[in-house]
Amino acid sequence: MEKYSQAEFRRYLLQGKLKKAFVYLKQFPDQKKLILQYQKRFEQNKFPVPCDNEKILCILNIFYSYYHRVFWEQLEEEKAKKKLIEQFFSLLSLSLPENLDEYSSDQLDEIVKSQVDPLLQVQVESEGYHYLGGITQGFLGPYIWKSSQPDTFLVQLPTQTMSVTVNMLRGFISRSWLDYISFGEIGADGWAGEDNQLYCVIESYAEGTQSDIFQINYLKHEAQHLLDYQLFPGISSAELEYRAKLIELIYQKGKQRFYRFLREADNNPKNSHSYASFCIMQNLAKRLNINQNPSTPDNWEHLTTEQISNAALQLYQEYQPGII
């Protein structure tokens, strides 16, 4: 009988395929506790209560409803965004555009970015928290946290060494959609800001800032984003992730990162992280002569960490804007 694989379950979640993840999970009676959690949150539509602030809970509940429509009900993207906008415009006492039904997905995103998020930020900050809205891996969702403390690090990349400011963030009550559908097990552990600084969910790095997971997964990955913002203005989210994930493979000390990217790879351009992993696997397969199905882990077993890292460096050096 097939055994439950946490990696397989998380692969579906990383791709935003919540219903497929739940179908997979229900095959395993030994995962009863987790099954009940998902039934309560999604089948019964019971929202969590991560804080006791009513104003922030009201904001979060609208996002929770959006997550439910997108990932559980699998409502069309535009329809889910329009409903979210209608709810926030009502909450914020704004007048809806008369032709909202004619807006594209990108136009709806711009409404959230330019009209909704700035007002939500003011409300959340008035309650003593920090707020960042926007899109993560193709879907809307907020980051809300309590405190921030800056620190400075030197980061070595293939072309240069950078000095970066990292803001250590603590006290999160929201880390966007992936955190929500995974019950906090997966989610963004940091990001590169438009202010040329980095932001780190320090609670995700219990092993400390000298650990490989912080130094490579986070610091080198996000520093590469800052560099690419300068080198390639207007670079797409997928290409940002493509180059940053190559950096992780270049400096990896084992094949764990490689197999993580292999699991999350998905040919869906809207999910920038999964799509970047997909493109990396396709290009590595060509470079390393993997002629059979590159999504099968066994087909990569004969390769060493050094071979994969060297191939990743070649892909990094050959990068041209628009390559994926």
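Two strands are taken to pair if DSSP finds at least two bridges between them. Helices (H or I, at least four residues) and strands (E, at least two) are DSSP runs, numbered from the N terminus. The structure is a predicted model, in which local features need pLDDT of at least 70 and side-chain atom pairs count only at pLDDT 80 or more, while totals for chains, interfaces and linings use all residues. Residues are numbered from 1 along each chain as its sequence is written, and side-chain values use heavy atoms, with hydrogens and water left out.

**The four-stranded sheet**

- An open sheet of 4 strands is arranged in the order β5-β6-β9-β8, and its pairing is mixed.
- Its edge strands are β5 (147-156) and β8 (190-192), each of which pairs on one side only.
- From one strand to the next, the twist averages 25 degrees; axes here are lines fitted to C-alpha atoms (for helices over the stretch in contact), and angles run from 0 to 180 degrees between N-to-C directions.
- Within this sheet, strand β6 (residues 161-170) pairs in the parallel sense with strand β9 (residues 198-201) over 4 bridges.
- Leu169 stands opposite Val201 in β9.
- Helix α8 lies across β5, β6, β8 and β9 and runs at about 115 degrees to β6.

**The three-stranded sheet**

- A further open sheet has 3 strands in the order β1-β4-β7, with antiparallel pairing.
- β1 (130-132) and β7 (174-175) stand at the edges with a single partner strand each, so one side of each has no neighbour in the sheet.
- Strand β4 (residues 143-145) pairs with β7 in the antiparallel sense over 2 bridges, and Tyr143 stands opposite Arg175 in β7.
- Helix α6 (residues 105-126) lies across β1 and β4, and α6 runs at about 165 degrees to β1.

**Helix α12**

- Helix α12 (residues 305-318) has 14 residues and reaches 20 Å from its first C-alpha to its last, close to the 20 Å expected at 1.5 Å a residue; the expected span is 1.5 Å times one less than the number of residues.
- Its buried residues are Ile308, Ser309, Ala311, Ala312, Leu315 and Tyr316, where buried means under 20% relative accessible area, exposed over 50%, and partly exposed in between (1.4 Å probe, protein chains only).
- Why do these residues fall on the same side of α12? They cover an arc of only 165 degrees around the axis, the arc being that of the directions from the helix axis to the C-beta atoms.
- Glu306 and Gln317 are exposed residues on the face of α12 turned away from its buried side.
- The buried residues of α12 pack against α8 (212-231), α9 (237-251), α10 (256-264) and α11 (272-287), with contact meaning heavy atoms within 4.5 Å.

- In helix α1 (residues 6-14), the buried residues are Phe9, Tyr12, Leu13 and Leu14.
- These buried residues of α1 pack against α2 (18-25), α3 (32-43), α7 (176-181), α10 and α11.
- Just after α1, Gly16 adopts a positive phi of about 75 degrees.
- Arg257 lies in helix α10 and counts as buried at 10% relative accessibility.
- Apart from neighbours within four places in sequence, Arg257 is in contact with Asp212, Ile213, Ile216, Asn217, Glu248, Leu249 and Gln252.

- Asn45 has a phi near 55 degrees, a positive value in a residue other than glycine.
- Asn45 is placed in the loop between α3 and α4 (54-72) and, at 35% relative accessibility, counts as partly exposed.
- Gln74 likewise has a positive phi, of about 55 degrees, although Gln74 is not a glycine.
- The loop between α4 and α5 (77-91) holds Gln74, which counts as exposed at 54% relative accessibility.

**Cysteines**

- A search of the whole structure finds 0 disulfides, a disulfide being a pair of cysteine sulfur atoms within 2.5 Å.
- For Cys51, the closest cysteine sulfur is that of Cys58 at 11 Å, which is too far for a bond.
- Cys51 is buried, with a relative accessible area of 11%, whereas Cys58 is partly exposed, with a relative accessible area of 34%.
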